[in-house]
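Here is a short briefing on one protein structure. Keep the sequence and the 3D view open as you read.

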Amino acid sequence: MKRNSVAIVGAAETTDLGKIPNLSQIGLHADAALNALAECGLTIKDIDGVATAGHDVTEVVHYLGITPKWVDNTSVGGCSFMLHVRHAAAAINSGLCETVLITHGESGRNRIGQLNRAIFPSLFQTQFEQPYGVTFPPTRFTIPVMRYMKEYGLTEEQLASVAVVQREWAAKQSRASFRDPITVDDVLSSKMICYPFRLLMCCLVTDGGGALIMTSAERAKDFPTKPVYVRGTGESAETPLISQMEDFTSSRAFRVSGKSAFEEAGISHSDVDHLMIYDAFAHLPIYGLEDLGFVKPGEGGAFIADGNTRPGGQLPLNTNGGGLSYMHSGMYGMYALQEGMRQMRGVSDAQVEGAEISVVHGVGSMFGAAGTIVLTNNPG
Amino acid sequence: MAERAIPTPTPESQHYWDGTKQGELRIQACNTCEQNYFPPRPFCPKCGSRDVKVVKASGKGKLYSYIINHLPSPGFTPPFTVAIVELEEGVRLMTNLLEVEPDPAKLELDMPLEVTFEKLTDDISLPQFKPAK
Ligand SMILES: [Zn+2]
């Protein structure tokens, strides 16, 4: 896409986060959408493009009362919203629509009005993985890590330090689910879920939603909100089968998506003031730091354990506390984008002073897909 | 899902499940680029050629990675091991590890494994791996 040609003018989460017993999944989409519309002074009539994942886009369109000229229901797991931002930017630039609403809502904890995802017994996953007793994400997403640990000497303590550092960020966030400090010992003595992963290395399961509103950079100047520009984008996909990843120590989708986003944005790693890497589990920031090129292969664990990503460190990472401490409804990518937006607007509870470039990287369907967005508040 | 997942073969994967029922682990190989591949497809995912064949794998491999699952799973008694085996032929498969305790002290990466078959139904036998003798 053309650098800084499209802006995000609306960004909001649901009114509540965590336990929301009074809203169904579609209700969470709508609550977030109405919050985002209100903050940028738009009404539903102004929206002519809609994108969502994990929910039928036609139901979102109908429930909110939108007449769209463009829809995108790309669903590749929790990073789908990064892909929506990319696709919406292309659609706006080519004149397919003017103002796009991207919604997410998930009753992850209370499971109200959730769509049951179909499980077909003939799919590769159900033929070649599920019969071995892998069902929940913790049993699949974690499988490559022992190989990584052997190849690079990553320790359980370093893995635990990811959760510890992110809790330090969460302590600053008024809306984070967990804010009390934890230690490496706390993490390593928490309940075993899937060796070598313990409870505090795994994401939360909560209710919530979020929405973004995008339009051309030209029109963005007329909005009451401070526009945040989309400077670069990337996306890729590899495989829904964790057993068939090309490389257990690195994600091909991460590498392709990250490279594209950095090239489009025309930035180097030293330009990045703030970074979000989708952390459904503690190993993901390690893989992300390496596959996006911030550190060399094998260095991610020590980089985090040595304090480089904690408050005051050289590379503020997952400043909302991440999926490990802030919230995780199931498709967390929207919340990573929301924190990137808050940082670029200068309103995060854990604000990185003077931050001008934020990189937000998402993963979906285990290591199946990835999306990367470079945001900036300074279009130059 | 209250019961263990039972695979449903497709026309493209029938040869694999016919093989396991007869105690054979079958993978595929490309006649054009000579690469082995898995899971089953009637063409080569490396070069796109339809000139492919089904070959019997040796059933020998090594432990490539694993987790020990402590979560409930229909048909299993946790904790149990979910592993990735890398076959001598180069392809990787998911498996459980049988005849060895789900204990990190007993599970060393790259340890040699060999195939065995677990009968799930009259039609479906599942390839499983155990430490090589
Ligand atoms: Zn070939």
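Strand S1 (residues 26–30) of chain B pairs with S2(B) in the antiparallel sense, over 2 bridges. The model is predicted.

- The open sheet has 3 strands in the order S2-S1-S3 (chain B), and the pairing is antiparallel.
- Strand S2 (36–37) and strand S3 (52–56) of chain B are at the edges; each has a single partner strand, so one side of each has no neighbour in the sheet.
- S1(B) and S3(B) run antiparallel and are joined by 5 bridges.
- One bridge to look for links B:Cys30 with B:Val52 in S3(B).
- On the S2(B) side, B:Gln28 has B:Tyr37 as its bridge partner.
- B:Ala29 stands opposite B:Asn36, which also belongs to S2(B).
- S1(B) and S2(B) make a hairpin, with 5 residues between the two strands.
- In the turn of this hairpin, B:Glu34 has a positive phi of about 65°.

**How strand S1(B) is covered**

- How many residues of S1(B) are buried? The count is 5 of its 5 residues.
- In a regular strand, side chains alternate between the two faces of the sheet.
- Both faces of S1(B) are covered.
- B:Arg26, B:Gln28 and B:Cys30 are buried on one side, and B:Ile27 and B:Ala29 are buried on the other.
- Helix H1 (residues 14–21) of chain B lies across S1 and S3 of chain B.
- H1 of chain B runs at about 140° to S1(B).

**Helix H6 in chain A**

- Which residues are buried in helix H6 (residues 145–152) of chain A? They are A:Val145, A:Met146, A:Arg147, A:Tyr148 and A:Met149.
- The cover over the buried residues of H6(A) includes H7, strand S5 (192–195), strand S6 (197–198), helix H11 (284–291) and helix H12 (300–305) of chain A.
- Chain B takes part in this cover too, through its strand S4 (60–69).
- Just after H6(A) comes A:Gly153, with a positive phi of about 75°.

**A buried histidine in chain A**

- A:His361 sits in strand S10 (residues 357–364) of chain A.
- Is A:His361 buried or exposed? A:His361 is buried, because its relative accessible area is 0%, and buried means under 20%.
- Leaving out residues up to four places away in sequence, A:His361 touches A:Met82, A:Phe254, A:Met276, A:Ile277, A:Tyr278, A:Leu292, A:Ala370, A:Gly371 and A:Thr372.

**Cavities**

- The structure holds 2 cavities of 30 Å³ or more.
- The second largest cavity has a volume of about 30 Å³.
- Its lining is made by A:Val162, A:Val165, A:Gln166, A:Pro285, A:Ile304, A:Thr309 and A:Leu317.
- Helix H7 (residues 156–170) of chain A gives the largest share of this lining, 3 residues.
- The lining of the second largest cavity has 5 nonpolar residues, 2 polar and no charged.

**The second largest pocket**

- The second largest pocket holds about 510 Å³ of space.
- There are 22 residues in the lining of this pocket.
- Those nearest the centre of the pocket are A:Gln244, A:Glu246, B:Phe38, B:Arg41 and B:Lys46.
- The lining of the second largest pocket divides into 9 nonpolar, 6 polar and 7 charged residues.

Note on methods:
Residues numbered from 1 in each chain as written. Chains lettered and ligands numbered in written order. Predicted model: local features only at pLDDT ≥ 70, side-chain atom pairs only at ≥ 80, totals over all residues. Heavy atoms only, no water. 1 Å grid on protein atoms, 1.4 Å probe; cavity = no way out; pocket = protein on both sides within 12 Å on 5 of 7 lines; lining within 4 Å. Points joined across faces, edges and corners; volume = space filled by probe spheres on them. Helix = DSSP H or I, 4+ residues; strand = E, 2+ residues; numbered from the N terminus. Nonpolar A, V, L, I, M, F, W, Y, C, P; charged D, E, K, R; others polar. Buried < 20%, exposed > 50% of the residue type's maximum accessible area, 1.4 Å probe, protein only. Contact = heavy atoms within 4.5 Å. Pairing = 2+ DSSP bridges. Axes fitted to C-alpha atoms, helices over the stretch in contact; angles between N-to-C directions.
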